[in-house]
Amino acid sequence: MRSDEFYMHRALDQAHLAAAAGEVPVGAVVVDTQGEIIGVGCNAPIASCDPSGHAEVRALREAAKQLGNYRLEGCTLFVTLEPCMMCAGAMIHARLSRLVYGAAEPRAGMVESKANLLAQPWFNHSIAVSGGVLAPASQKLLKHFFAARREGVSE
């Protein structure tokens, strides 16, 4: 199995694709128990006209199709930004074993920043969490993207 940093770099690759498409630069990959990437996703709610088109959801969907099962037990999701409420819920339903994220999301992060949805006692599944992996790279990409948007510069 490769390091968390290796897989987070793959998620960052997806975030760069989102930025190039004019979407908020968030990327995600799902890794199976053998260390293989079985799902990738970048933010695309604008292009897909889909409010659920977040990187995490897109990666989870691809991984589920790859495995032929909506339950992704034993799998790890790597994402460049702390997940929102919708994505945290999707992770619980997918029965992920682990979440690794890059930058914290102080305004809407629902894993540690604003709330910890994954640790609620009423869920029948828990997900191990590791935050801050390659956070500076994720933060830099997001800051650059939003600074360019404020200046009216396209990517």
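## The largest pocket

Picture a 1 Å grid laid over the protein atoms alone: a pocket is an open set of points where a 1.4 Å probe fits, with protein on both sides within 12 Å along at least five of seven lines. Points are joined across faces, edges and corners, and a volume is the space filled by probe spheres set on them. In this predicted model, where residues are numbered from 1 along each chain as its sequence is written, local features need pLDDT of at least 70, side-chain atom pairs count only at pLDDT 80 or more, and totals for chains, interfaces and linings use all residues. Side-chain values use heavy atoms, with hydrogens and water left out.

So what's here? The largest pocket has a volume of about 460 Å³. Its lining (residues with an atom within 4 Å of a point) is made of 22 residues, and L81, E105, R107, L142 and F146 lie nearest the centre. Helices α3 (55–67) and α5 (135–151) each supply at least two lining residues, and α5 gives the largest share, 4 residues. Helices (H or I, at least four residues) and strands (E, at least two) are DSSP runs, numbered from the N terminus.

By type, the lining splits into 13 nonpolar, 4 polar and 5 charged residues. Here Ala, Val, Leu, Ile, Met, Phe, Trp, Tyr, Cys and Pro count as nonpolar, Asp, Glu, Lys and Arg as charged, and the others, Gly among them, as polar.

## The nonpolar cores

A nonpolar core is a set of buried Ala, Val, Leu, Ile, Met, Phe, Trp, Tyr and Cys residues joined through side-chain atoms within 4.5 Å. Buried means under 20% relative accessible area, exposed means over 50%, and partly exposed sits in between (1.4 Å probe, protein chains only). The largest core has 29 residues, and V30, L72, L77, M91, L96 and L99 have the most contacts inside it. Strands β1 (27–31), β3 (76–81) and β4 (98–103), plus helices α3 and α4 (85–94), each put in at least two residues. The top contributor is α3, with 6 residues. There's also a second, separate core of 8 residues, including Y7, M8, V29 and F78.

## A look at L99

L99 sits in strand β4, and it counts as buried because its relative accessibility is 0%. What does L99 touch, not counting residues up to four places away in sequence? The list is L77, V79, P83, M91, V111, L118, I127, A128, V129 and S130, where contact means heavy atoms within 4.5 Å.

A disulfide is a covalent bond between the sulfur atoms of two cysteines. The cut-off is a pair of cysteine sulfur atoms within 2.5 Å, and this structure holds 0 of them. For C42, the nearest cysteine sulfur is that of C87, 13 Å away. C42 counts as buried because its relative accessibility is 14%. C84 is in no disulfide either: the sulfur of C87, its nearest, is 3.7 Å away.

Most residues other than glycine have a negative phi.

You'll find L134 in the loop between β5 (128–130) and α5. With a relative accessible area of 22%, L134 is partly exposed.
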